[in-house]
Amino acid sequence: MVSIHAHQRQGLVCLKCAVQIHPKVMNKSKSGKPVVGIIMGSDSDWPTMKAAAEACSEFRIASESRVISAHRTPHDLSEYATTAHQRGLRVLIAGAGGAAHLPGVTAAFTTLPVIGVPIESKALKGMDSLLSIVQMPSGIPVATVAIGGARNAGILAVQILAVSDEDLHQRLLQFKSRLADESRAKNRSLQ
């Protein structure tokens, strides 16, 4: 009988298994290759991190997701981050809980923008993760979103990519317009 890793049951990818992420979450970019890499230290982070993949998909941006641990598989992380640019990735999103070294170590290995997502922990409710990610040393920046803020990480990745993509910029303008319309509708419902 073949053993199935827990992350395979959830549809994630680890470097050793090379199993594809949920096809419904991943859409193709113009080139057909992922341009956003989403990594997390454990498959238990996927319920939070899938919001980043869904945000990318919403804007028709291809992403890939991997389980890579800064502590348990540091050599895999080094390989992933140092080769990300040549493989066509343009932005990396790293979710981590507890000591939360994954985003910072990823940023140390690459010149690509790295967005950190603090994962809520049981002991300190994610404050440990937030502080670990946001307190990076000078020269190794990591953009950090709110605890559990994977959707915003995905949208920030889209905004970074839109700097050099006018079509994507227009889709973001439409998105912002929809947000404004929704807010105005909520205001009208209170009147």
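**Briefing: a parallel sheet and its cores**

Strands E1 and E2 pair in the parallel sense over five bridges, in what is a predicted model. These two strands belong to an open sheet of five strands, ordered E2-E1-E3-E4-E5, in which the pairing is parallel. The edges of this sheet are formed by strand E2 (63-67) and strand E5 (143-144), each of which pairs on one side only.

- Within the pairing of E1 and E2, Ile38 stands opposite Ser65 in E2, and E1, H2 and E2 together make a right-handed β-α-β unit.
- Strand E1 (residues 36-40) also pairs with strand E3 (residues 91-96), in the parallel sense and over five bridges, and there the bridge partner of Met40 is Gly95 in E3.
- Helix H5 (residues 127-134) packs on the sheet, where it touches E3, strand E4 (114-118) and E5, and its direction makes about 160° with that of E4.

Burial of E1
- Because five of the five residues of E1 are buried, this strand is largely enclosed by the rest of the structure.
- Val36, Ile38 and Met40 point one way from E1, while Gly37 and Ile39 point the other way, and all are buried.
- In a regular strand the side chains alternate between the two faces of the sheet.

Nonpolar cores
- The largest nonpolar core has 29 residues, of which Val36, Ile38, Met49, Ile61, Ile93 and Val117 touch the most other members.
- Two or more residues are given to this core by each of E1, helix H2 (46-58), E3, E4, helix H6 (150-162) and helix H7 (166-190), with the largest share, seven residues, coming from H6.
- Another core, of 17 residues, lies apart from the largest one and includes Tyr80, Ala84, Leu102 and Ile133.

Note on methods
Residues numbered from 1 in each chain as written. Predicted model: local features only at pLDDT ≥ 70, side-chain atom pairs only at ≥ 80, totals over all residues. Heavy atoms only, no water. Pairing = 2+ DSSP bridges. Helix = DSSP H or I, 4+ residues; strand = E, 2+ residues; numbered from the N terminus. Contact = heavy atoms within 4.5 Å. Axes fitted to C-alpha atoms, helices over the stretch in contact; angles between N-to-C directions. Core = buried A, V, L, I, M, F, W, Y, C linked by side-chain atoms within 4.5 Å. Buried < 20%, exposed > 50% of the residue type's maximum accessible area, 1.4 Å probe, protein only. Right-handed = clockwise from strand over helix to strand, strands pointing away.
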